[in-house]
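Here's a quick tour of some local geometry, with the cut-offs spelled out as they come up. Have the viewer open and follow along.

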Amino acid sequence: MSSTSEATGEPVSGGILDVSISAEPGCLDGHGISATQQQFLGRLVYDNVVTLDENGDIAPYLAESWDISEDGKTYTFHLKQGVTFSDGSPWNAEVLGQNLEHMRDPATKSPLAAAYIAPYVDGKVIDEFTFEAHLDYPYTPFLYALAQSWLGMNSGKAIAESPETLCQKPIGTGPFTVADYRPGQSISYSKREGYDWAPEWLEGDGEAYLDGVEVTLVSEPVIRHQSLVSGQYDLTENLAPQNAAAVQADPDFTYENLPRIGSPYVLSFNLNRAPFDDLAVRQAFAAAVDTEAVTESLGFGTYTPIDSFLSRESKYYDPTVEGVLTHDPERANKLLDDAGWSARDNEGFRTKDGKRLTIEVPTVESSTPSPLLVQLQGEARKVGFDLRIIQLPQAQLTELRYAGDFDALAGVWHTNTTDVLFIRYHSSEITGERIGQNSSYVNDPALDDLLLTARESDDGPEAEEAYSKAQHRLLEIVPGLPLYENPSQFAYANTVQDVDVDTSHPVPVLTYAWKAE
């Protein structure tokens, strides 16, 4: 590709794009992490079996086509030929099988990819470029899962010979390669020579225009904003909402605030232990918090409050769920009184049998406590909850999370399919032999049946009905407090051209981005 002048408006080859990110995943092997940043970072290194096109429909990528058996349990993938990994090894049917096994290998400790392919039983190599995947039951979200950034394809050679190196230096077929990774600091990416198999929706051919991408961890929101507008960075993947108005008003920058499909931001209750094993206490906490006020304070007008457990952007979202979980302090007080938490101690917190109504919420340690948890702490105190914020190192927080040793957790779960409800609330997703994402420890047979029916149903009326009933059932169980939609907020200088947006994850895709001189 040759450089052309800016005056023509045609892409110019060359240059390094400088990017700031708010956090880095600690591991770059998508199969072994669930970090939000992988949505963006993964697209630099990895390609997927399939993709979602500009309309959100399943489209070819490393598989040119596929057939699904009548019973929905066998997927036959016909793979693209001539694709290679950056270590020179080939992409073929055997490698697809290796990747599926790597995702569910206990040694990978997958918190996400393994759950998404849980119905996968085994596979069969039909010929060099034809792979047959066998599922335990019909699983309609299968292709959507395979389109997600965390399920990108790793080198089969690396999986077989040195899987432990993939965290530090992942080997994909994507448009860039990892040149240098300094955990907690930066990641340097270089253009992949010979790349020529981008999906059609990107509307580009051949190698990337950029010579590379330099990603730097800048955890402080104010510094990310200042360094963007000063020109130190060309793009920031997580613009703080308090800076949105200023960037929007600046003609030299583009600002995006895009809702993600999946679960909104939720304070998840641990139903497995007191006090949230009591439905009345869960209902009381939900009624105590003015989520609209919390959302406005945190999001500076850029967040959208929500009172259900599924993003409004998700397929089969049922608007009739709205208005059930409302701010009602009077109801919250009555629920707690009736549940036996009627006494108060000398600090005004509710007590029962001499024990205070305490909720411990662990979060990652930082110089200042989580603004969200501070807000929730103040709201809950008004009706007598003692919400305690426990700051811990990330490793210890993860350990507590998977051991179920917490009262509540603030978090979000993005995925490109409504099957997020299965991942978050089906009893099989409680951590056991495999890491699961049912952090509320919901174990409800009626909900399980609905979620399995929805998962097995073809897109259409049956799935819609099951998902609708599941959304309403969650409002009866109250496994947490929904707060606001999960936004993807990023900004970049207008000297950066042709930044695409992924449909699976509304994040910037830089495959054919370029810098105007």
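In which loop is Lys109 found? Lys109 is found in the loop between helix H2 (93-104) and helix H3 (113-116).

## Ground rules

This is a predicted model, where local features need pLDDT of at least 70 and side-chain atom pairs count only at pLDDT 80 or more, while totals for chains, interfaces and linings use all residues. Residues are numbered from 1 along each chain as its sequence is written, and side-chain values use heavy atoms, with hydrogens and water left out.

Helices (H or I, at least four residues) and strands (E, at least two) are DSSP runs, numbered from the N terminus.

Lys109 is exposed, at 59% relative accessible area (exposed means over 50%, buried under 20%, partly exposed in between, with a 1.4 Å probe and protein chains only).

Tyr441 also has a positive phi for a non-glycine residue, near 60 degrees. Tyr441 sits in the loop between H13 and H14, but this one is buried, with a relative accessible area of 13%.

There's a cis peptide bond too, joining Ala274 and Pro275 with omega at about 5 degrees. Pro275 belongs to the loop between E13 and H8.

## Helix packing

Two packed helices are described by the angle between their axes and the distance between the axes. Here the axes are lines fitted to C-alpha atoms, for helices over the stretch in contact, and angles run from 0 to 180 degrees between N-to-C directions.

Take helix H8 (residues 279-288) and helix H10 (residues 329-338): their axes come within 8 Å and cross at roughly 160 degrees. That makes H8 roughly antiparallel to H10 (over 145 degrees; under 35 is roughly parallel, 65 to 115 roughly perpendicular, the rest oblique). The crossing is left-handed, as the near helix is turned anticlockwise from the far one by less than a right angle (clockwise would be right-handed). On the H8 side, Ala280, Val281, Gln283, Ala284, Ala287 and Ala288 meet Pro329, Arg331, Ala332, Leu335 and Leu336 of H10. The contact residues divide into nine nonpolar, one polar and one charged (Ala, Val, Leu, Ile, Met, Phe, Trp, Tyr, Cys and Pro are nonpolar; Asp, Glu, Lys and Arg charged; the others, Gly among them, polar).

Helix H9 (residues 291-299) packs on helix H11 (residues 371-381) at about 150 degrees, with the axes 10 Å apart. So H9 is roughly antiparallel to H11, and this crossing is right-handed.

## Aromatic pairs

The whole structure holds 17 aromatic pairs (Phe, Tyr or Trp rings, six-membered for Trp, with centres within 6.5 Å; planes under 30 degrees apart are stacked, over 60 edge-to-face, the rest tilted). Phe269 and Phe285 have ring centres 5.6 Å apart and planes at 75 degrees, so they're edge-to-face. Phe269 is in strand E13 (residues 262-269) and Phe285 in H8, so the pair ties together parts 16 residues apart in sequence. Both are buried.

Phe406 and Tyr441 make a tilted pair, 6.5 Å centre to centre with 50 degrees between the planes. Phe406 is buried, at 1% relative accessibility.

How values were computed. Contact means heavy atoms within 4.5 Å.
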